[in-house]
Amino acid sequence: MRFGSKVLFDEVTTTFLAERRYGLSGPNGSGKSTFMKLLTGENQPQKGDVVRPKKLGVLKQDQFAFDKLRVIDTVIMGNGRLWGALEERELLYAKPEMTEADGMRLGELEGIVGEEDGYEAESNAAILLQGLDIPDEVHQRTMSELQGGQKVRVLLAQALFGHPQALLLDEPTNHLDLDSIHWLRDFLIRYDGTLIVISHDRHFLNAVCTHTADIDYQTIITYTGGYDDMVMAKTQIRSRLESQNEQRDKKIAQLQDFIQRFSAGTRSSQVQSRRKEVERLQTTELARSNIQRPYIKFTSLRPSGRTALEFEGISKAHGSLEVISDFTGIINRGEKIVLVGRNGTGKTTMLKALLSDAPGNVGSKSDLDAGKTKWGHEVSIGYFAQDHTGEIQKGLTAAAWLHQFDPDASRQDIHGLLGQMLFTGEEGLKPTEALSGGETARLLFCRIMLQKPNVLVLDEPTNHLDLEAINALNISLQKFEGTVLLVTHDQDLMEEVGTRVWHFDHGVIKDFKGAYEEYASANNLA
C-alpha cells in the first residue's frame, strides 16, 4: 500500500494466529489504521490478498452512524448474521398473511437465531454494556442521546458482541476511564480468538498482548511479547546489525588500504582477490526506521515559593449536581498529583476550579462557585486543556502562532523548539488550521516549553500522542523539578510520575500522600 511516493507496506506477508493477542505498533503516520482497514475489508490493498474469518469484530470509528438505533440494538448489530436474521424475522411476522414459503423461511431464521444465541442476545449485550459502565437505564435509549465517550463504549461492546473469531480494535481505550480499561483488559485476556489491537497505552499493551506486530521499514515484523519486549528485541537486533556493519567497514578499510598500496606493484593477484572481498563485504544499507522520538523538556525560568497553592472550601456544581463540595488542601512545590477516577466524577472540574483565579488568566472565575484559592509566590502556570478546540488561532503558521508567546525569542529558537517536537524543515510553516490532533498536542507542548512555567496543569495530555511521544512526556514529567497536577488514564504515567493521588468517587475526593501503586495496593484496586 502506498500513498503517492510514500510506501507504507511493500510485499508484506504475515499470519495472525488464533488464541494470540497482537499489538499493532508503529508511530503516528506509519500506517497502523490503514493496515487495520485492509484487514477489515474497508479498504483494498493495491497488491496482494487478505484472508479473514467469517465472523469479525471491528471497532467502528463513526460515532454518529447508529444515532437512530437503540443502544442495545447497536450492540447486537455486532453479530451481523444474527442481526440480519432478527430483522428479516420481524418483517415476516409483520405480514398480515404468511405463505408456506414464508413459514419455511421463518423456520430457517429461527434456526440462525438459535445458533447465534439470539434468545439471550439482549441479556448478553447488557452484560457487555454494564462492564463498560453503561447503566441499565440507558440501554433502551437511542444512541443520539449519549455523550461521545459513552458512544465509543457502546461501539466497543458492539465489536465484542457475539464472540467473533477475530477482534480488530483501533484505539479501544480512547475515552475510557481506568476502571473500564481494566475491565476491557481482563475481557481480552480471557478472549480465545485472534486479537489485533492498536493502542497508545503501553501498560495496556504489555498486559494484554502475547505478540507485537511492528510496522516499520515498510514491512511488518512480529515479535513475541508485549510492547516493551518488542522495543528491547528490536533495539538488540538493530544494534547487532549496526555492530556487524561497523566490523565490515573496518575490514573494508584495511583491504582498500592494501589495494591502494600494492595496485601498481607485483602483487596484482592478491590485489584482485582483495577487490573481490571488498565487493562481497559491501555493507548492506540499513533501512531507515520511521520511528521519530520527540524531545520534551520542561524547565522553569524561576522556582515558585515553597507553597505552590493553598485552597479552602472550594465547591462547584453543574446545575443541581454538586461535583466538588468543600474541598480544602495545600500543594507544596515539587509535588506531582495525579487525579484519578471514573469519567464524569469531577477531575476536569477540579482543575478548572483551582485555575479560576490563577496567575496568567488561564482560568475563568465562573469555574468556582464557593471557596478560595491562593497561588504561591512567583507561580507561573503551563496549562494543557483536555478540550483544546479553538485554542490555536487559525490563519497563522505553527511557527507564527508559537512566536506570540515569546516575541523576544529568535526565529532559530522557535524552529529549534518545533524541531524537538517533530515539526522538521517546512513543517513549522504549516497553517494552524491544517494541523492534525497529534500535531496540535505537540504544538501546545511547544508553547509550554517556551513559557518555562514552574507549575504544570495537564488534563488528559496523552489523548493524541503516539507511544514514543507518551514515553517522552513520561520521562520529562519525572525530571521536572516544579509542581504537576495531572489527569490521565495512562497507568504508567500514574505510577511513574505521581507522588500524591486525588481519587474521585461519587462526590468524595480521597487525598493520598504517596505513589499511585501504594494507593492502589492499599485500596485493592486492579
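**Close-up 1. Two arginines sit over phenylalanine rings.** The charged end of R442 is over the ring of F423, 5.1 Å from its centre. R447 does likewise with F405, lying over the face at 5.3 Å from the ring centre. To count, NZ of Lys or CZ of Arg has to be within 6 Å of the ring centre and within 35 degrees of the ring normal. Keep in mind that this is a predicted model: local features need pLDDT of at least 70, side-chain atom pairs count only at pLDDT 80 or more, and totals for chains, interfaces and linings use all residues. Residues are numbered from 1 along each chain as its sequence is written, and side-chain values use heavy atoms, with hydrogens and water left out.

Close-up 2. Rings of Phe, Tyr and Trp (its six-membered ring) pair if their centres lie within 6.5 Å; planes under 30 degrees apart are stacked, over 60 edge-to-face, and the rest tilted. That rule gives 12 aromatic pairs. F298 and F445 have ring centres 6.2 Å apart and planes at 50 degrees, so this pair is tilted. F298 is in the loop between helix 10 (268–281) and strand 9 (307–318) and F445 is in helix 14 (437–451), so the pair ties together parts 147 residues apart in sequence. Helices (H or I, at least four residues) and strands (E, at least two) are DSSP runs, numbered from the N terminus. F298 and F480 are edge-to-face, 6.2 Å centre to centre with 75 degrees between the planes.

**Close-up 3. L169 in the largest nonpolar core.** This core has 50 residues, and I76, L169 and L188 have the most contacts inside it. A nonpolar core is a set of buried Ala, Val, Leu, Ile, Met, Phe, Trp, Tyr and Cys residues joined through side-chain atoms within 4.5 Å. Helix 6 (residues 148–160) gives the largest share, six residues. Leaving aside residues up to four places away in sequence, L169 touches M36, L59 and L156, among others; contact here means heavy atoms within 4.5 Å.

Close-up 4. Strand 9 and strand 10 pair over eight bridges, and F311 stands opposite G329 in strand 10.

Note on methods:
Buried < 20%, exposed > 50% of the residue type's maximum accessible area, 1.4 Å probe, protein only. Pairing = 2+ DSSP bridges.
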